[in-house]
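Hello,

Here is the structure we talked about handing over. Please have a look at it first; my notes follow below.

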Amino acid sequence: MDLFSQNQLTNLLPYDGTVHYYGKILNEQQSQFFFEKLMSNIEWRHDEAVIYGKHYTTKRKVAWYGDKPYDYSYSNTTKQALPWTEELKQLKTLVEEKADVKFNSCLLNLYHDGSEGMAYHSDSEKSLGENTVITSLSLGAERKFTFKHKINKQTVSRILENGSLLVMRGATQSHWLHRLPPTKKITRPRISLTFRTIVDQ
């Protein structure tokens, strides 16, 4: 029996969505093992965006993996999924068991230190379908994660620990934005694994 059933978890959002924080699902040794494997085995690339016709390259690095070579488009750029590594398969299985959801893809983000973050956005691309479930499995430095309601601007924040799992469900992407705010206090890197489901292309 999974101790982290959805009925026992507290929704971090007050309304218009569901976000569950499972806490640490990996111990320190496991977290360090997977962090080192992902740092060396993942095909990291600087993320790119085209905004108002201008091409930007981020310091943050990303990687896109999946069951098939899915195309994933955001910020006017498109990525094609690579086949799973052995470590990603293991983490995918663990996250699926905890979240009780099957995923077919994962966007990984590598933040080298606290100066690198992510602006407010929602993962509402058509390729993800409606009321999609998206995880954030965190490895490395602890970072603040903030939600902001699209209408009334109310915010909710949570510190994501090393080895922890956060799961966004239901109408969250329709009503809330989320971000990883930059901070000068963090000098260590963090990897986030955002498992998701692409609607078959």
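One caution before the details: this is a predicted model. The notes go by region.

Start with strand β13, residues 190–196. Of its 7 residues, 7 are buried, so the strand is largely enclosed by the rest of the structure. Its side chains split into two sets. Arg190, Ser192, Thr194 and Arg196 point one way, while Ile191, Leu193 and Phe195 point the other. Both sets are buried, arginines included.

Which strands pair with β13? One is β6 (residues 105–111), antiparallel to β13 and joined to it by 7 bridges. Within that pairing, Tyr111 has Arg190 as its bridge partner. Another is β8 (residues 134–140), also antiparallel, with 4 bridges to β13. Here Leu139 sits opposite Ile191.

**The cores**

The largest nonpolar core has 30 residues. Leu38, Leu108 and Leu193 touch the most other members. Several elements supply at least two residues each: α1 (28–41), β3 (54–66), α2 (86–99), β6, β8, β11 (164–169) and β13. Helix α2 gives the most, with 5 residues. As background, nonpolar side chains in soluble globular proteins tend to be buried together.

Leu193 is worth a click. Beyond residues up to four places away in sequence, Leu193 touches Leu38, Leu88, Leu91, Cys106, Leu107, Leu108, Thr135, Ser136, Leu137 and Leu139.

Ala63, in strand β3, is another one to select. Buried or exposed? Ala63 has 4% relative accessibility, so it counts as buried; the cut-off is under 20%. Leaving aside neighbours within four places in sequence, Ala63 contacts Ile42, Glu43, Trp44, Cys106, Leu107 and Leu108. Ala63 and Leu107 are 44 residues apart in sequence, yet their C-alpha atoms are 5.8 Å apart.

**The open sheet**

There is an open sheet of 4 strands, in the order β7-β12-β9-β10, with antiparallel pairing. The edge strands are β7 (118–121) and β10 (155–160), each pairing on one side only. On average, neighbouring strands of this sheet are turned by 15° against each other, direction ignored. Strand β9 (residues 143–149) is joined to β10 by 6 bridges. In that pair, Lys148 stands opposite Thr155 of β10.

**The largest pocket**

The largest pocket has a volume of about 640 Å³. It is lined by 32 residues. Closest to its centre are Arg60, Tyr74, Met118, Ala119 and His121. Strands β2 (45–51), β3, β4 (71–74), β6, β7, β12 (176–180) and β13 each supply at least two lining residues.

Asp16 has phi near 60°, and so does Asp100. Where do they lie? Asp16 is in the segment before β1 (18–24), and Asp100 is in the loop between α2 and β6. Asp16 counts as partly exposed, at 35% relative accessibility. Asp100 is exposed, with a relative accessible area of 65%.

Over to you.

Best wishes

Definitions and conventions:
Residues numbered from 1 in each chain as written. Predicted model: local features only at pLDDT ≥ 70, side-chain atom pairs only at ≥ 80, totals over all residues. Heavy atoms only, no water. Pairing = 2+ DSSP bridges. Axes fitted to C-alpha atoms, helices over the stretch in contact; angles between N-to-C directions. Buried < 20%, exposed > 50% of the residue type's maximum accessible area, 1.4 Å probe, protein only. Core = buried A, V, L, I, M, F, W, Y, C linked by side-chain atoms within 4.5 Å. Contact = heavy atoms within 4.5 Å. 1 Å grid on protein atoms, 1.4 Å probe; cavity = no way out; pocket = protein on both sides within 12 Å on 5 of 7 lines; lining within 4 Å. Points joined across faces, edges and corners; volume = space filled by probe spheres on them.
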